[in-house]
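User: Hey, I'm new to this one. Can you walk me through it?

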Amino acid sequence: MPDSEKVIELAKRRGIFWPSYEIYGGVAGLYDIGPIGTRIRNKIVQMWRRIFVEENSEFVVEIETPMITPSKVLEASGHVENFTDPIVECTKCHKIYRADHLIEETVHVVVEGLKPSDLTSLISEKGIKCPACGGDLGEVRNFNLLFSTNIGPYSGNVGYLRPETAQGMFTAFKRVYETTRQKLPLGIAQVGEVARNEISPRQGLVRMREFTIMEVEFFIDPEDKDVPWLEKFYDDEINVLFSNSKEKGERPSRIKIKEMVDEKLVVNPWMAFWMASASKFVQSIGIAKENFYFEEKLPYERAHYSSQTFDQIVEVLGEKVEISGHAYRGNYDLSRHSKFSNEDLTVFKKFDNPRVVKRKTILINKDKLKNNPELQKEVMSLISGKNADQIELLVNSGAEIKDRKLSEFIQIIEREEKEHGIKFYPHVVEPSFGVERCLYLSLLSAYKEKKDRVVLSLPKNIVPYQVAVFPLLDREELRAKAKEIYNMLKDNFEVLYDDSGSIGKRYARVDEIGVPYAITVDPQSLSDDTVTVRDRDTWEQVRIKTQDLNTFIQKLFSDKGFSMVSGEAKR
């Protein structure tokens, strides 16, 4: 059994996650997160908030927006038109497949970005048949992944379950901007449920129909390339597969954050800032630096709104999964929502010193037109919707109306004006994570087998419980002492109490859910008030006075150099 399948079996057995509605056979792409999984998942979200929001509280705030989204919003964003995947149906058994995945899995050809017609031709050329019955496959067509609904009782009021949290943040931008002292940069963060009607959900928590996203929409002035906050990451190194290396079939290379910015390998320094933050976060949930890299997407692979995208890819236990996406969305979203809503979503940037600018002005000779309404109408029709440069081009090219030069009626003059500021649409950098993918990849990274046992070596900051307390034997006085210790510790730590089954089974249970330390009360504890503390990963044990437990465990969690065995800081 592959290690990934072992992790999924462990998750079911230990209450981490399992398929939803199991008693009815389950529904593909829907999963319950169990009691242990919820504790780990909440810690992961907590870590993300710390690194992406709290550490950047100077310019990042968090909001919450509704999951139900009016159709107009997703029309403006382009989702109604573009949020699709290609599907193909068997003409014999009528089973439906995601066409690009089917081709890639069958003939091992990368087809990302190809049109439905190209996929149809490829299926025909390669002789790909229905995997279920061997029948012929039909034409490939696009399938929209939005879950639709009605808002209220009227059938015409169409809404959708949001496929991402981003659009709620874009539509709330002006309100947030006005309540946060009207300053850029401004990050709007959100953690929330989303829904995508996936064609073929697979890989457990990797491709789901309902899941949670953690993302930041980071609004910036594109002309302001000064990012002093980036300096703390300058010497950090990350593995990156740039698009030119990708096209050559090369592997990712290690590069410093400062080099990426200095060599202009990212369209804006803030891209590097959030990629460095993502690197820090992914390591904090237990994924080693050598097990992930950032892959730059080729132009045809990018979403319709992106001018540069990096996917953060994790490779562990034979799995290769995207854990986050980093897109430079430009001003696409705010400009589109401004157009569709007729609301001004620009911001005003005041200059420190006014600029003198030359502006072209259109002058219309109304005296020559006032007695000829028909000619006036034609002149106005010709110049309608054109800017001064376009009209000047017409005038200079000798354009005529009714055999009369346009220059008789229209003149373009240039004037100097003082400009105290400009209005513009902020550009957006977007780092986005899937919570359930983070949970799954943390489990894969933590999964170990030791002497026919399973150990989940989760980082201490995301463990479901920090310590477990056991009585060694099923004796009332040992249970009472263990409960006393449990009550003493629970004010400072997350503590699990267990007196069911043999001590070996109890150790195995807490090892499998990642509890780093187990305290055992034995007969000696009753005479000298000491207990054993066992380490999850090394299985080493030391005896500690009960009165010293709080301090001892605190050091185990707070001092990375502290040795459990010696009780001293490691040299």
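Predicted model: local features only at pLDDT ≥ 70, side-chain atom pairs only at ≥ 80, totals over all residues.

User: Okay, start with the inside. Which residues touch the most other members of the largest nonpolar core?

Analyst: Those are W48, F281 and F433, in a core of 86 residues. Helix α11 gives the most to this core, with ten residues.

User: Let's zoom in on F433. What does F433 touch?

Analyst: Leaving out residues up to four places away in sequence, F433 touches W48, F52, T212, I213, M214, A278, F281, V282, Q312, I323, S324 and C438. So W48 and F281 turn up both as partners of F433 and beside it among the core members with the most contacts.

User: And what lies apart from that core?

Analyst: Another core does, made of 22 residues. V469, L489, V495 and F552 are among them.

User: Switching to pockets. How much space lies in the second largest pocket?

Analyst: About 700 Å³. Its lining has 27 residues, and P459, K460, N461, F557 and K560 lie nearest the centre.

User: Which elements give two or more residues to that lining?

Analyst: Three helices do: α2 (35-53), α11 (269-284) and α19 (549-558). The largest share comes from α2, with four residues.

User: How does the lining divide into nonpolar, polar and charged?

Analyst: You get eight nonpolar, nine polar and ten charged residues in the lining of that pocket.

User: You mentioned α19. Where does S558 lie?

Analyst: S558 is in α19. The side chain of S558 reaches back to the backbone oxygen of Q554, at 2.7 Å.

User: Is S558 buried or exposed?

Analyst: Exposed, because its relative accessibility is 52% and the cut-off for exposed is over 50%.

User: How far is S558 from E105?

Analyst: Their C-alpha atoms are separated by 47 Å, and the two residues are 453 apart along the chain.

User: Now the backbone. Which peptide bond is cis?

Analyst: The one from L184 to P185, with omega near 0 degrees. P185 lies in the loop between α8 (173-179) and β10 (186-195).

User: What else is in that loop?

Analyst: R181 lies in the loop between α8 and β10 too. R181 has a positive phi of about 65 degrees although it is not a glycine. R181 is also exposed, with a relative accessible area of 62%.

User: What about K264, what's its phi?

Analyst: The phi of K264 is positive as well, about 55 degrees, and K264 is not a glycine. You'll find K264 in the loop between α10 (257-262) and α11. At 69% relative accessible area, K264 is exposed.

User: Let's do a couple of serines. Where is S306?

Analyst: S306 lies in the loop between β14 (292-296) and β15 (308-316). S306 counts as buried because its relative accessibility is 10%, while the cut-off for buried is under 20%. The side chain of S306 reaches the backbone oxygen of Q308 at 2.9 Å. Not counting residues up to four places away in sequence, S306 touches A327 and Y328.

User: And S71, is that buried or exposed?

Analyst: S71 counts as buried, at 12% relative accessibility. S71 is found in helix α3 (residues 71-77). Setting aside neighbours within four places in sequence, S71 is in contact with V80, V158, G159 and Y160.

User: Last one: what does K289 touch?

Analyst: Again leaving out residues up to four places away in sequence, K289 touches E237, N239, R254, S279 and Q283. K289 sits in the loop between α11 and β14. With 25% relative accessibility, K289 counts as partly exposed. The C-alpha atoms of K289 and V27 are separated by 35 Å.

Methods:
Residues numbered from 1 in each chain as written. Heavy atoms only, no water. Buried < 20%, exposed > 50% of the residue type's maximum accessible area, 1.4 Å probe, protein only. Polar contact = N/O pair within 3.5 Å; in protein donor to acceptor, adjacent residues only side chain to side chain. Contact = heavy atoms within 4.5 Å. 1 Å grid on protein atoms, 1.4 Å probe; cavity = no way out; pocket = protein on both sides within 12 Å on 5 of 7 lines; lining within 4 Å. Points joined across faces, edges and corners; volume = space filled by probe spheres on them. Nonpolar A, V, L, I, M, F, W, Y, C, P; charged D, E, K, R; others polar. Core = buried A, V, L, I, M, F, W, Y, C linked by side-chain atoms within 4.5 Å.
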